[in-house]
Amino acid sequence: MVATQEKRTGQRLIGGPGILLVWLYGVMVVGAVSRSVYQIATEFDRAPLAYSLSALAGVVYGFITYTLVRGGERARRAARVCCAAELVGVLTVGTWTLVEPSAFPDATVWSDYGMGYLFIPVLLPLSALYWLRRARTA
Amino acid sequence: MLDVLTLVTGVAALLLAAWCGWAAYRDQPTKDWHFIGIAVVSALALIQLVVGVVQLARGEEPDQGTTIFVAYLLGAFACVPAAGFMSLAERTRWGSVTVAAGGVVLAVLEVRLYDIWGG
């Protein structure tokens with residue numbers, strides 16, 4: 001694994017603090033994807049909007065994890081765009097669940113700014129954006 | 001039996017997290033002793049997985065459904081070893097931080113497992 005990373009000309013995005021980001025994103029991928037798969041498969045009609053949003057969150061997390069592991073300048077840019085989108089998503093859905101709880105009979109990953117997940121969903125994109133900014137100059 | 005195991009695994013996970021957090025604070029990567037700790041916590045999670053499946057096979061039902069219960073058991077089992085392997089690839093303090101984060105995540109999973117089983 002190390003050898004293939006060194007072969008690439010682009011910079012590694014998973015060195016140092018990056019490894020922690022990959023780990024946390026990996027956890028969120030498993031959490032969001034498995035949760036939404038289960039809920040969509042068994043009780044989609046109860047809260048279609050909430051479950052679809054969880055699935056979307058899972059896809060976004062998966063893509064960011066992939067770009068971080070892949071590394072390089074293009075991946076870095078793609079990851080930045082996705083992290084920004086993720087942040088917007090968390091803030092929008094978080095506010096939405098607070099303003100209009102009736103639209104969400106069941107929680108999503110991003111409900112209440114990710115409170116059910118120790119606020120990791122709102123903290124992750126912030127630290128990832130910071131890290132990806134620094135990775136360019138490093 | 002399962003409740004005790006859940007408690008022990010959760011506490012062990014938190015201890016591992018504190019230990020690796022201490023290593024990270026002292027700017028050290030994970031060392032052999034840490035990996036023994038990772039192995040112990042992983043073994044606990046594996047025992048928990050086996051005991052959980054045996055309980056299901058005996059016909060006991062988790063409060064919140066069998067699928068969710070098994071999914072969390074598998075997640076709890078995979079959690080700490082995965083973080084351990086990542087710290088093998090990252091021989092800096094950040095490898096230690098990752099294992100510490102893995103311990104915290106496992107502790108949270110144990111709390112959820114307790115709820116799901118209906119202890």
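Predicted model: local features only at pLDDT ≥ 70, side-chain atom pairs only at ≥ 80, totals over all residues.
Trainee: What else describes a pair of packed helices?

Mentor: In general, you give the angle between their axes and the distance between the axes. Here, helix H2 (residues 17-43) of chain A packs on helix H3 (residues 48-70) of chain A at about 150 degrees, and their axes are 8 Å apart. Angles over 145 degrees count as roughly antiparallel, so H2(A) is roughly antiparallel to H3(A).

Trainee: And which kinds of residues are in that contact?

Mentor: Between H2(A) and H3(A) you'll find 15 nonpolar residues, eight polar ones and one charged.

Trainee: How many helices and strands does chain A have?

Mentor: Chain A has five helices and zero strands. Its radius of gyration is 16 Å, close to the 14 Å that the globule rule gives for 138 residues, so chain A is as compact as a globular protein of that length. Buried residues account for 42% of those 138.

Trainee: How many residues does each chain bring to the contact between A and B?

Mentor: Chain B brings 16 residues and chain A brings twelve. On the chain B side, the elements giving two or more residues are helix H3 (66-89) and helix H4 (93-117) of chain B. That side of chain B has nine nonpolar, six polar and one charged residues.

Note on methods. Residues numbered from 1 in each chain as written. Chains lettered and ligands numbered in written order. Contact = placed C-beta atoms within 7 Å. Helix = DSSP H or I, 4+ residues; strand = E, 2+ residues; numbered from the N terminus. Nonpolar A, V, L, I, M, F, W, Y, C, P; charged D, E, K, R; others polar. Axes fitted to C-alpha atoms, helices over the stretch in contact; angles between N-to-C directions. Parallel < 35°, antiparallel > 145°, perpendicular 65-115°, else oblique. Rg over C-alpha atoms; globule rule 2.2 N^0.38 Å. Buried ≥ 20, exposed ≤ 12 C-beta atoms within 10 Å, placed from the backbone.
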